Amino acid sequence: MSAKTFTLCLLALSLFGSPTQAQTGPGAGLPYPYLTTLDPVPYPFQYSSPKSDYLTRFREMYGLDQVVASETTDLGRARALCRWVHFRLSHDGHKQFQSQDPFAILKAAMLGQQVQCVEFGLVLAAAFNAVGIPARPLYLKAANVQTKASAAGHALAEAWLPDLGKWVMVDAQADIIPLLHDKPLNAVELQQALLADDPALGVLTSTEAKPKSYFKWVDQYLFYFDTVMDNRYGVKSARTGLMLVPLGAHKPVIFQRTEAIHNMRYTNSVATFYAPPANTDWLAAGTEETR
């Protein structure tokens with residue numbers, strides 16, 4: 001963490017106190033100052049059922065039932081899907097892809113086109129949703145996201161693992177799921193573990209990914225977190241986002257000096273950002289037929 005970021009956190013704590021110390025629940029005791037109570041107005045996150053036409057076609061076309069067939073846990077399924085996307089796509093951080101459609105991304109990849117981290121996250125989120133695991137793209141942004149000219153962010157996916165009852169960060173570009181004491185972490189939990197320099201921090205991977213190198217690299221992006229609220233497929237949407245911002249930090253409206261951040265809402269509540277997915281009645285009903 002940079003000296004500037006550390007100073008910002010101390011300033012926020014002095015201005016607002018430490019809202020996490022007297023509370024319990026998600027985010028309690030975090031070094032960065034977040035609210036741990038829910039925002040008074042809920043945010044309308046939406047997800048497609050795995051039985052939807054789009055996700056059914058995606059699952060069947062790419063044989064995702066077979067990809068996860070041998071797994072007995074949602075974490076095992078997450079690792080299998082992460083591996084599948086990792087080997088389907090090839091990364092080039094300078095190659096911009098015009099479409100956000102996972103079918104188009106995978107078709108281009110089959111023709112040899114390389115993609116950025118954004119496309120890894122979009123394809124992975126679609127794969128999760130197709131097998132009945134709610135997921136969303138996650139965009140990490142550095143503290144200096146507005147003034148840095150390039151490499152100010154990273155993209156991946158987070159998935160809600162029903163059998164663990166929590167959101168988990170999955171980076172298919174690196175083929176890494178972060179773990180602490182063998183339990184998978186969301187992105188904010190990874191941020192906190194890195195701040196604490198916790199020796200129990202590790203990764204779940206199917207390749208020879210190097211945890212220490214990855215953590216050193218991704219740490220620079222773990223300041224702002226944003227995602228998409230409408231995660232339905234085959235539906236036209238304004239793609240409104242929600243960004244988690246530490247108390248006392250400014251709300252960025254520019255990405256890398258020139259790109260405006262549109263349709264973004266902001267929250268200081270880690271509990272709101274990581275609330276369990278709603279409007280997913282198909283989860284309660286079970287999705288064994290999609291697996």
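## Two loop residues with positive phi

Q256 sits in the loop that links β11 (254-255) to β12 (259-260). Its phi is near 55°, a positive value in a residue other than glycine. This is a predicted model, and the angle is read from that model.

H181 shows a phi near 55° too, again positive and again in a residue other than glycine. H181 belongs to the loop between β5 (177-180) and β6 (183-184). Its relative accessibility is 56%, so H181 counts as exposed. For background, most residues other than glycine have a negative phi.

## The sheet around β5

The strands on either side of the H181 loop are β5 and β6. They belong to an open sheet of 3 strands, ordered β6-β5-β7, with antiparallel pairing. β6 and β7 (201-204) stand at the edges. Each has a single partner strand, so one side of each is left without a neighbour in the sheet.

β5 and β7 run antiparallel and are joined by 4 bridges. Within β7, V203 stands opposite P178. Helix α7 (residues 187-195) lies across β5, β6 and β7. Relative to β7, helix α7 runs at about 140°.

## Strand β3 and its partners

Strand β3 (residues 153-161) is mostly covered, with 8 of its 9 residues buried. What does β3 pair with? Strand β2 (residues 135-141) pairs with β3 in the antiparallel sense, over 7 bridges. Here L138 has L156 in β3 as its bridge partner.

Strand β4 (residues 166-170) also runs antiparallel to β3, and 5 bridges join these two. W160 has W167 in β4 as its bridge partner. β3 and β4 form a hairpin with 4 residues between the strands. In that hairpin, G165 takes a positive phi near 65°.

## T272 in helix α9

T272 is found in helix α9 (residues 270-273). Is T272 buried or exposed? At 9% relative accessibility, T272 counts as buried, because the cut-off for buried is under 20%.

The T272 side chain reaches the backbone nitrogen of D39 at 2.8 Å. D39 is also one of the contacts of T272 once neighbours within four places in sequence are left aside.

## Cysteines

How many disulfides does the model have? The count comes to 0. A disulfide is a covalent bond between the sulfur atoms of two cysteines. The count rests on a distance rule: a pair of cysteine sulfur atoms must lie within 2.5 Å.

C82 is buried, with a relative accessible area of 1%. C117 is buried as well, at 13%.

## Confidence

The chain averages a pLDDT of 87, and 86% of the residues score at least 70. Over residues 1-27 the pLDDT is below 50. Beyond near neighbours in sequence, this stretch has 42 contacts in the model. Residues 286-291 also have a pLDDT below 50. That stretch has 17 contacts in the model, again beyond near neighbours in sequence.

Note on methods
Residues numbered from 1 in each chain as written. Predicted model: local features only at pLDDT ≥ 70, side-chain atom pairs only at ≥ 80, totals over all residues. Heavy atoms only, no water. Buried < 20%, exposed > 50% of the residue type's maximum accessible area, 1.4 Å probe, protein only. Pairing = 2+ DSSP bridges. Contact = heavy atoms within 4.5 Å. Axes fitted to C-alpha atoms, helices over the stretch in contact; angles between N-to-C directions. pLDDT = per-residue confidence, 0-100. Polar contact = N/O pair within 3.5 Å; in protein donor to acceptor, adjacent residues only side chain to side chain.
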